[in-house]
Amino acid sequence: MYEQVSHSLLNDILTEIEVEIKDANLQYFYTRLGANFYAIYSLFHQLYGRRDDFKPQLHQLVKVLIKSYIARSPSLRKLDLTREKNHNWFLDQQWVGYALYCKEFSGDLKGLQNKLSYLQDLGINVLHIMPILDCPKGKSDGGYAVRDFKKINNDVGTIEDLDELAANLKKRDTLLVLDVVVNHTSDEHAWAIQARAGDKKYQDYYYVFDDRSMPDLYEETMPEIFPENAPGNFTWDATMDKWVMTVFNEYQWDLNYQNPAVFIEMVGIILFWANHGADVIRLDAVAFLWKKIGSTCQNEREAHLILQLMKDCCQVTAPGVLFIAEAIVAPVEVIKYFGEDAINAKECEIAYNATLMALLWEAVATKKSTLLNYAIRSIPDKLDRATWLNYVRCHDDIGLGFDDNDIRLAGYEPTLHRQFLLNHYTGQSPDSIARGIAFGTNKKNGDARIAGSLASLAGLETAIEKNDLAAINRSIDTILLLHGFILAFGGIPLIYYGDAIGTLNDQAYLEDDYKKNDNRWIHRPAMNWQQTELRAEKGTIEQRIFSGLKKMIATRKEITAFADHNNRELIVLDNPHLFCFVRFDGTGRYPRVLVICNFDHSEQQLDISSLRKLGLLQHNSVKDLFADESLDLSASFINIRPQGMYWIET
Ligand code: GLC
């Protein structure tokens, strides 16, 4: 659509800018800017149109886009064009992710290059290096309290090291995922320092108040995110003599996106990392981007407008780059982070599927798929050109944010059921061997989340201590079942570092003054490279998990039906321990794959006739791709192994 006002404004802006940038080859930039400018203008106007400085701010934004484009390397520009042509590239089943802390995994960025073959051996081709930017020691929130958005933390290396790593990853066809912490900065960031020194310009980068009157109003409806360590959402700053909004830790100052200068700075930062080779940018804590009195200050409409605007800007300068939304919120809310379009993701192309993750842990604890079955139906279908990030564990805690209604439908009382799960995973119920710990206990409402490594939550730590072979086997089966699930379900599976070798809880954080107050460090250990060697020794726990996972990954990559095109149908079975779904090829044709999981510790029977009525399993002999063996279906039922998983071609 040709829209006069925005286009004549764009002409004015470009005339001024062109004087500075005469020689650059900007053909593609101009095409993209022309195509996206009306959307950019409209969103910027919706957010900031009432301000007197609207025009100069928009001018500044376009300048950032153009300068970032000029700084973009020819090879990245070429990649942009390739991805524009094949725009569904990221929905392919070939992608398998891995998230790690650089320091804990490999010491530093140079060391990480030496470990790439380990990751490739497993089949990884999407590498999420968790935040590596400069943070104050001790007040870093695991890298999520950034002091300088354009500097790599001295501990892990330099920007040249990252460039080298990015180039190495490109050669290996591995995607690089980097974080941009968009919601807040460290209180030692230059903006915060200037704000503290009394500079009004920078005080306006944050939510700063003279007295408690506004903070008290906000607090009426804002929940607490870290109730144990950082109660409340505001912190008194004695130097500034003011209150500042700090939703997470008191040293993490929330950025004020009501100020367009903040938005423009952040777009510049996103494009800076895109230009340093990030294929995917993980936008941290996006649900919190807009604060409004009288609301929870999460999932506000303007937070979505900001993300849409960020996407449009990125599409002009670095269209090959994708966004991941880290929004750990209810399914009806999380789906909105893909954007409002019917087909294309106009905000973030990828979103964390925290609901699925928590449901999987629920199924493991109850040994039943009842809640999983109800609640998965509450996750709305994603857009065609968007995908989930499916994971079992990550660097954060496990929240039990299931919908109360779904819990009731599954036959449980919500409060009691959450308590049961918490007791189960913190090892407080007599029949549980899980070894998690409660994280973020809120004494006011009794809520708590769960921390702990995958293997320890799956019972491996206790089983090893007791030298209980049967329990060890069950823990390994749990680990493989959970991973098999996320590899088959649809979306990009993301494996957490250490989980492929059954890494247990790490108590070392208790000895570290900087870490001991945040027990999520129990599952952020230093990678034990000696232990990884055991993956080559037949029969070891490490070998059984690693080789099982490696085989599943390789198999996933060959099954086109596992690409993510909303090509899944859930099948309800009478047996509450089993969970079943069919994946079909994007075209709706063969081969289809029937996925069956048994969450129980004993063998379960699956009645074949009910599946045959649905047109599945028509032949008497079928292939299980998971175990790479034939299954005899001449009887009227199949026996499904305890905690077994099947990927049956049908
Ligand atoms: C995200 C991170 C988490 C961090 C929080 C605040 O949720 O995943 O680790 O504590 O943001 O930055």
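Student: What volume does the largest cavity have?
Tutor: This is a predicted model. In it, the largest cavity has a volume of about 80 Å³. The search of the whole structure finds 5 cavities of 30 Å³ or more.

Student: Which residues line the largest cavity?
Tutor: Among them are Phe90, Val126, His128, Leu175, Val177, Val280 and Leu322. Ile324, Ile350, Leu389, Ile492 and Leu494 also line the cavity.

Student: And by class, how many are nonpolar, polar or charged?
Tutor: The lining of the largest cavity has 11 nonpolar residues and 1 polar residue, with no charged residues.

Student: Which strands each supply at least two residues of that lining?
Tutor: Strand 2 (126–129), strand 5 (175–180), strand 12 (322–325) and strand 17 (492–496).

Student: Switching to helix 15. How far does helix 15 reach from its first C-alpha to its last?
Tutor: Helix 15 covers residues 354–366, 13 residues, and reaches 19 Å. That is close to the 18 Å expected at 1.5 Å a residue.

Student: Is helix 15 buried or exposed?
Tutor: Buried: 13 of the 13 residues of helix 15 are, so the helix is largely enclosed by the rest of the structure.

Student: What comes just after helix 15?
Tutor: Lys367, which takes a positive phi of about 60°.

Student: Last one, strands 22 and 23. In which sense do they pair, parallel or antiparallel?
Tutor: Antiparallel, over 4 bridges, with strand 22 at residues 621–624 and strand 23 at residues 629–632. Val622 stands opposite Leu631 in strand 23.

Student: How many residues are between strand 22 and strand 23?
Tutor: The two strands form a hairpin with 4 residues between them. Asp628 in the turn has a positive phi of about 55°.

Definitions and conventions: Residues are numbered from 1 along each chain as its sequence is written. This is a predicted model: local features need pLDDT of at least 70, side-chain atom pairs count only at pLDDT 80 or more; totals for chains, interfaces and linings use all residues. Side-chain values use heavy atoms; hydrogens and water are left out. The expected span of a helix is 1.5 Å times one less than its number of residues. Buried means under 20% relative accessible area, exposed over 50%, partly exposed in between (1.4 Å probe, protein chains only). Two strands pair if DSSP finds at least two bridges between them. On a 1 Å grid over the protein atoms alone, a cavity is a set of points where a 1.4 Å probe fits but cannot get out, and a pocket is an open set with protein on both sides within 12 Å along at least five of seven lines; lining residues have an atom within 4 Å of a point. Grid points are joined across faces, edges and corners, and a volume is the space filled by probe spheres set on the points. Ala, Val, Leu, Ile, Met, Phe, Trp, Tyr, Cys and Pro count as nonpolar, Asp, Glu, Lys and Arg as charged, and the others, Gly among them, as polar.
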